2 protein chains.
Amino acid sequence: MKLYRFGKPVETGAVLEKPLKFLQNEEIATFKLKQTKDSLILRYHLHKDDVVLGLGEQMGGVNKRGRKYITYNTDIPEHTPDKLSLYGSHPFIIIKGRYPEGLFIDYPGEIIFDIGFTTKDILEITITSTDIDVYHWQDVYWQNIITGYIKLTGGVYIPPKWAFGYQQCRWSYPDANSVTEIASRFRQLGIPCDAIYLDIDYMQDYKVFTINEERFPDFDKFVKKLADDGFHLIPIIDPGVKIEDGYPVYEEGKKNKYFCTDAKGDDFEAAVWPGLTHLPDFSKEAVRTWWGNLYEEFIKLGIEGFWNDMNEPAIFYTNYQKAEVYQKLQEAAADNKIEEIDLIGLQWQIRNFHNSREDYQSIFQHPDNSNSLCHDKIHNLYGAQMALAFSDHVQKHYPDKRFLIFSRSSYSGSQRYAGIWYGDNKSWWQHLEMNIKMLINCNLAGYLYSGADIGGFGDNCQAELLLRWLQLGVFSPLFRNHSAIHTRRQELWEYDKETLNISRNIIRLRYSLLPWLYSQFLEFASMNTPLIQPLFWQYRDDRCQQIEDEFIYGSSLLIAPVYQPNATGRNVYLPGKKWLLWQARSWEERKMQVIPAGDHYLECPLDRQLIFIAENKLIALQEPEDYVDQIKPDTLFITGLVTESASIKVLADQGKYPAFAGIAVLEINVERNGIDFKITIKTVNRELLQWQNLVFELYNGQGNLMVKHRKLI
Amino acid sequence: MKLYRFGKPVETGAVLEKPLKFLQNEEIATFKLKQTKDSLILRYHLHKDDVVLGLGEQMGGVNKRGRKYITYNTDIPEHTPDKLSLYGSHPFIIIKGRYPEGLFIDYPGEIIFDIGFTTKDILEITITSTDIDVYHWQDVYWQNIITGYIKLTGGVYIPPKWAFGYQQCRWSYPDANSVTEIASRFRQLGIPCDAIYLDIDYMQDYKVFTINEERFPDFDKFVKKLADDGFHLIPIIDPGVKIEDGYPVYEEGKKNKYFCTDAKGDDFEAAVWPGLTHLPDFSKEAVRTWWGNLYEEFIKLGIEGFWNDMNEPAIFYTNYQKAEVYQKLQEAAADNKIEEIDLIGLQWQIRNFHNSREDYQSIFQHPDNSNSLCHDKIHNLYGAQMALAFSDHVQKHYPDKRFLIFSRSSYSGSQRYAGIWYGDNKSWWQHLEMNIKMLINCNLAGYLYSGADIGGFGDNCQAELLLRWLQLGVFSPLFRNHSAIHTRRQELWEYDKETLNISRNIIRLRYSLLPWLYSQFLEFASMNTPLIQPLFWQYRDDRCQQIEDEFIYGSSLLIAPVYQPNATGRNVYLPGKKWLLWQARSWEERKMQVIPAGDHYLECPLDRQLIFIAENKLIALQEPEDYVDQIKPDTLFITGLVTESASIKVLADQGKYPAFAGIAVLEINVERNGIDFKITIKTVNRELLQWQNLVFELYNGQGNLMVKHRKLI
């Protein structure tokens, strides 16, 4: 990897340890460079068979060819194919051809990626700055470029184990009673759940870090009561600080000059949910420290999870824009010409109030060790630095504790301290399909803990779509059902009884896999490696390259979600040699069959999902419980297709146990007695492991790791 | 089929010959009826395996279960999955279960179909009127219900043969020069093309039935010159008549009271492209006669094709709405309170200007033999009756001539006198996929001559998407490339050379198949049968039921379009026993292979498309030419997989010729000499038929028709 420096880049924080050596203003390997006064343009001639990967949270498929993309974080409610930007910017691409190359353009402003859109075989990158760092990789293995990028930008955020539990959200559960009722429904109905969310209505007048005491009396007791029942309460945090005399957050921020300013140096005003607000200037460490401390009121109550929203930052309108419209109206009124106002033009103007580029160009920030900067040039850092404020706070004060934190807006590097969710999707089958690609793409950018709103945020979800989405959700690290105000209720019991029963089975399946899923997460995060991978990450046959509706989870699973309405089956391509197929209806029913590689059409009625376990890999299941902390660590059900001689290693004693092989499902009995282990292995359908406080590893005859399962914390 | 009558239905013209007997206010077979003051509600309990088909031009798939749909014709620029109405209303559904049933609710106002959306197994139809005719079918074969419906509503519109040619459109080719240039590019580049369109800018100030003489001097010569080069010029016709003194169409309409009125009886004003307009009241025969005659100016010049747009009717805003906003602004100005205007509220109000239900409820029409009616109650008839005006005119004055006419808005029954296109789609891969389902759904409603804008109307199209869409277009009866103002140019030469070459091959392939495609169209239209069918129309195995991304064209072809970006192949399911696979790159290269039924993944690089010829069915090809009329009728290339003994019948002499069989491609030589035919059949790769003015039929040993090919007019 080489660093190419152009001009004097702003510090983005994406790369903590920069290479000491860098090349200044030089051509980047195979890229043709064009430099203008305000921009740098990189051109690359794509070979017909080159695949372009990367860009993290973006529209389009896994192969990014044929489209345009713009890195400019945007609060965008309609994720239709014409959208060129979403909430996060991850200007990292991999050209997966005969000679794989990778580029990370560390610039947090607008970059336009034209990946064969204008001309089929031309990749053109237009960077709207001449002060940037570009990291360039060449490697025989494109996978090394990905892990190299994730490592360079600091690794992967680790959420707490409970954050792998099912989570229930709604805009809004507006008072304590509604939350309590939701919580008790889960327990009554025997549906596991670990978290309930508070959307914007928990606040007093949308003032961040306040609680409406009328709707949430005795908030501390309320949080504690939920915790006693195994629920984490997760409040939303928005950056805009309401302009209101006497409101402490506002007063402190104003007094200490913590807010972004306009060109004249006055605090910038932007309307969001609370009305007019100021935006904290998270580019300053003092502001981040202050902001991080503000979470402390919640943390003290026992709250361990937060979601940061609206931090692109979203702007409904600014006073400036509003004044312009009012002036126009007033002039027309003064001249008695109101009837000459062009209403279609006015419509257009008012529509463009939201998230206007002009507004972002009018905001100024004052980063540490730097001159004042126009926000537009560091726009994509805003949400990342907001999350950093939280992360720095808890790392300092709770170094041994894992918190749940995820953000809507993000920038390369923030994957080391926060997760993301994919924003305001809709209850559309297309968005279920998009979710599959997003999981892959965000994992390739290091956002292992991420996910979409299950069931879709906007629009009205019907039962079948919800169930298919929950099935995908079993393998989404962030597994949260969320829906918007004015849409159909999306809690699992809001449909018919069959839907309720199927959804219970799906979520219990998740919980039965959860310790293993989390264990895999820890494993892959520690390797700076995507947890959810495209098939071609591990498998090299040509067919895999174009498969974007299946994915690999961790070391062992291939997942093929059904994402079409009224479908009771789907086509599946299986690479390799053979797989163990689990047409899973519930965690208890683990009937499996061996299936050869190749193309298959497989039945998959609404109450089942298709899970494939790789040959000579194992998965571990545990009895599901109401919430994660209840899952008993002492019984494992291990399942897989073992066709080679293999051995088990238990790290507590490092001993290797007798080799075994079989084409059916394993049963392994491990009895613990002091530090002695008695292990019995049978080639039957279930595997029971009395197990505690150890690392369990299974190796094949060649000594390659087949499965690793660790005591989960 | 039985007719159930409720109240006193308005005459819609959908059914020309009504059953003399009908049941009044009675329960409809298996449907539970609930009657309220203003509505009728029909409920039906769906069996788990029931499939619901129908509704013609609507969102969603071929199986309509799991969604809501509303029949209320709407000018809708974003075809996202949340949309409940499009441009046409075809309130006809088939419940394809063990005991197939069909319903046609002949009511041209709002009907809400909740097909298992609210509750998985409940079909609930809410009709916002108590005066309706409902036709109900029960039949062992659901296909009979479809042909029964098409027959009941008058059969199928037949376009001229040239309308199967490739057609080029753009909003806009604004002057004669740009049209001429487009035309000559087609001829220079050797790309067949039969029609070029004029979008709204050809008119003088958007006044319907005018021509801007500055941009189109000597319009008559211009039309003739194009015709000499084999191009039909197709002008757009909008219903709104600009309010402008001295403009003859306006003056005539006003004088004769031809326009829709408001509640007080004054001519209704609605703003569309020309500014404020009046809307002709097409429910009156006198208005239709007048309007039909207006086309005559164009027809006299040799124009033989028209597209009717904006006839839902689209309304940008009404004076009434505008006045309301102005009043609010003026009141605020008078009180010096402009700064208190809620701009977000104002935004919402102005946004709802377009196509507002309130406006439609304020329009009144005065049908023949009826009292004045609120337009809202007959809203869905507007575009259909506009097309009827044209159709009645040409049938009366040119009874032996076929004209091209298609409309954006439609209602059941209009399929007998006009085609439709699917409106303002976008250059999205999802809309290419939707095009497949739309072709099937609109064919099931009798709109055999229909199609989407190839390449997508809105948004920017890239080369790969255009090519894949053109490939689908080969089998779309209406084969028109159209794109919107401010989008990327979408003519075939606007991309790279490879794209141009591939698109030329695709369009030449269409022309080589064109006489056969048109012949099949005539055949299926005459049988009141969908030309483009879902696989389960002919094939009964369960798998076919869920396949919505393949279709059957006519009697012989299965088409499996590639509709995913960056794909060089796709999964295909083939029913039956075996097929002849043509991975078609050009019409000349007709290498084919036998492929068994079942699931296949098939290679399909960008320059190829997947065409399957059914066993013992044949297709006929002819040498493509620059335009349809040039195609020589004397040479046929006939291709198919013949595995049974078969015979040829030539209708000119009714004689049967010797049986033949073979698993390779046929070569048949027919030499004409007076009325004697010499026919040689070989099992080789090509088939040459010297052929003129006869019907050619091939029968299998059982006497079943395998292919029919007639002299095409």
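Over which ring does the charged end of Arg480(A) sit? I looked this up first in the model, which is a predicted one. The ring is that of Tyr197(A), and the charged end of Arg480(A) lies 4.7 Å from its centre.

I then turned to chain B for a further case. There I found the charged end of Arg357(B) over the ring of Tyr72(B), at 4.3 Å from the ring centre.

Next entry: aromatic pairs. I noted a total of 94 such pairs over all chains. One of them joins Phe219(A) and Phe222(A), with 5.9 Å from centre to centre and 45° between the planes. I recorded this pair as tilted, because planes under 30 degrees apart would count as stacked and planes over 60 as edge-to-face. I placed both residues in helix α3 of chain A, which covers residues 219–228. Phe219(A) and Phe222(A) are 3 residues apart, about one turn of the helix.

Phe209(B) and Trp291(B) are arranged edge-to-face, with centres 5.0 Å apart and planes at 70°. Which parts of chain B does this pair tie together? I located Phe209(B) in the loop between β14 (195–198) and α3 (219–228), and Trp291(B) in helix α5 (residues 285–294), so the contact links parts that are 82 residues apart in sequence.

Last, I checked accessibility for this pair. Phe209(B) has a relative accessibility of 15% and therefore counts as buried, the cut-off being under 20%. For Trp291(B) I noted a relative accessible area of 0%, so Trp291(B) is buried.

Note on methods. Residues numbered from 1 in each chain as written. Chains lettered and ligands numbered in written order. Predicted model: local features only at pLDDT ≥ 70, side-chain atom pairs only at ≥ 80, totals over all residues. Heavy atoms only, no water. Phe/Tyr/Trp six-rings, centres within 6.5 Å; stacked < 30°, edge-to-face > 60°. Helix = DSSP H or I, 4+ residues; strand = E, 2+ residues; numbered from the N terminus. Buried < 20%, exposed > 50% of the residue type's maximum accessible area, 1.4 Å probe, protein only. Lys NZ or Arg CZ within 6 Å of the ring centre and 35° of its normal.
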